[in-house]
Amino acid sequence: TLPYDVVLMDWRMPGMDGLEATRRIKQDPALRHRPAVVMVTAFGREEVRDEAERLQIDGFLLKPVTKSMLVDTLVSLFAPQRSETKQVAASSAESAAALQGVRLLLAEDNEINRQIAVELLEGVGARVTTAPNGREAVERLHAEPQAFDAVLMDLQMPVMDGHQATAHLRADPRFARLPIIAMTAHATVEERQRCLDEGMNDHVSKPIEPAQLFATVSRWVPGPAVPPSSRTGMAEASHAPDASPEESMPPAVPDPQCLDLADGLRRVANNRRLYHSLLTKFRGQQMSAPAAIRTALLEGRRADAERLAHTVKGVAGNLGARATAAAAAAVEKAAQASDAAGAEAALPALESALAQLGKALDLSLPALMQPAASPGPAPMDPARLRAVIHQLEALLREDSADASIRIEEAAALAAGTRWEAGLMEISRQVGAYNFDAALAALKSLPPMDT
């Protein structure tokens with residue numbers, strides 16, 4: 001008989017509950033093919049979620065289970081590996097097509113998470129404006145009340161978090177019907193209900209699943225804002241996947257818990273260039289996180305320690321670094337409970353996970369940039385490149401870290417052209433946050449009207 005691929009596991013059952021059954025399945029050495037386990041629960045209690053994370057449960061379904069929730073979960077588990085999911089893929093494509101020309105405001109404080117969301121959404125034709133915290137999102141909406149069709153709202157942000165920002169917006173009659181979609185790493189019943197009670201319309205779980213992101217946003221925005229005749233070429237030039245997953249996959253890391261390249265690439269729609277950029281940024285920005293967390297704990301800055309651990313957890317999860325995400329989650333949980341000693345005790349595991357991840361990145365980053373099998377590069381779109389350069393110039397004048405998103409896009413568009421070398425130099429300056437030097441290099445590029 002064929003082995004089972006997935007088990008939908010109820011939590012509360014007589015005799016043996018779902019957690020114990022899952023533990024036995026995960027640890028049974030006699031099983032040559034371990035199925036994915038999805039926990040089904042109506043409760044979403046903290047102790048259930050924490051134990052589920054320790055058991056590395058593959059997904060959660062919250063009762064009452066809807067058809068769309070079940071499809072989204074199965075897509076996230078099996079879409080990358082199964083060619084027979086054509087119907088699900090078609091549904092995801094429909095959701096993506098509905099986002100052509102839709103105007104979105106993304107409130108997210110983490111640069112890497114912003115870049116993932118922006119490139120995924122702009123890759124299907126949406127127009128995305130970003131804000132690094134809730135206050136700037138509110139100010140942007142007050143300045144342009146009719147400028148956006150929906151808001152994607154991260155919940156944990158400095159200055160003003162997503163809960164506070166939503167309260168400000170819902171207190172203003174102009175934004176009573178503006179769709180606000182929460183972005184949260186805690187998809188518990190309590191968290192979801194709190195978001196709804198505060199006036200949010202829906203939520204997207206982190207780490208981001210492209211299909212879920214497209215489907216959720218498309219439920220709340222108007223129909224396609226761009227006529228079909230004008231859509232051709234909007235997204236294909238810079239955001240199309242480099243090749244099929246099988247063709248583009250670099251050599252596997254020995255331990256997928258350390259770095260699951262297949263999972264990480266799937267979360268960025270198989271965009272190797274973007275994935276390479278995100279991993280490089282992670283190595284540059286997050287490897288020193290344990291030292292920063294330790295300092296915050298010693299100085300009594302519990303909230304800062306929690307925020308730093310939360311950032312590592314979320315970004316690592318988005319990139320497929322599951323062991324690092326789990327270790328950071330343990331530090332975050334202790335800090336959240338004001339258990340400084342527990343958080344300090346959890347730091348060595350995070351340091352070890354990051355050290356292993358660093359070794360995996362040394363192996364993986366060069367392989368990610370090796371040419372993948374493909375039909376050949378798409379012809380350069382001068383109009384699209386000029387538009388991206390114009391956006392890049394504005395971001396550089398504002399000293400905005402989001403310039404990193406635009407320079408990556410511009411460099412991809414200009415690959416193999418006379419602008420490539422200049423844009424790579426700008427990319428290096430942006431990576432070092434030398435925005436003035438990057439702006440000067442931008443002005444020295446050859447003209448783009450020929």
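**Close-up views of a predicted model**

**View 1. Helix α14 packs on helix α15.** Helix α14 (residues 289–298) meets helix α15 (residues 302–319) at an angle of about 160°, and their axes lie 8 Å apart. Axes are lines fitted to C-alpha atoms, for helices over the stretch in contact, with angles from 0 to 180 degrees between N-to-C directions. α14 is therefore roughly antiparallel to α15 (angle over 145 degrees). Ala289, Ala292, Ile293, Ala296 and Leu297 of α14 contact Asp304, Ala305, Leu308, Ala309 and Val312 of α15 (contact: heavy atoms within 4.5 Å). Helices are DSSP runs (H or I, at least four residues), numbered from the N terminus.

The model is predicted: local features need pLDDT of at least 70, side-chain atom pairs count only at pLDDT 80 or more, and totals for chains, interfaces and linings use all residues. Residues are numbered from 1 along each chain as its sequence is written, and side-chain values use heavy atoms, leaving out hydrogens and water.

**View 2. The largest nonpolar core holds 62 residues.** Leu121, Leu213, Leu259, Tyr275, Phe282 and Leu350 touch the most other members. Helix α17 (residues 340–368) gives the largest share, eleven residues. Such a core joins buried Ala, Val, Leu, Ile, Met, Phe, Trp, Tyr and Cys through side-chain atoms within 4.5 Å (buried: under 20% relative accessible area, 1.4 Å probe, protein chains only).

**View 3. Surroundings of Phe282.** Not counting residues up to four places away in sequence, Phe282 touches Ile112, Met287, Val312, Val315, Ala316, Leu319, Thr324, Leu354 and Leu357.

**View 4. A second, separate core has 22 residues.** Its members include Val388, Ala403, Ala410 and Leu445.

Note on methods. Buried < 20%, exposed > 50% of the residue type's maximum accessible area, 1.4 Å probe, protein only. Helix = DSSP H or I, 4+ residues; strand = E, 2+ residues; numbered from the N terminus. Parallel < 35°, antiparallel > 145°, perpendicular 65-115°, else oblique.
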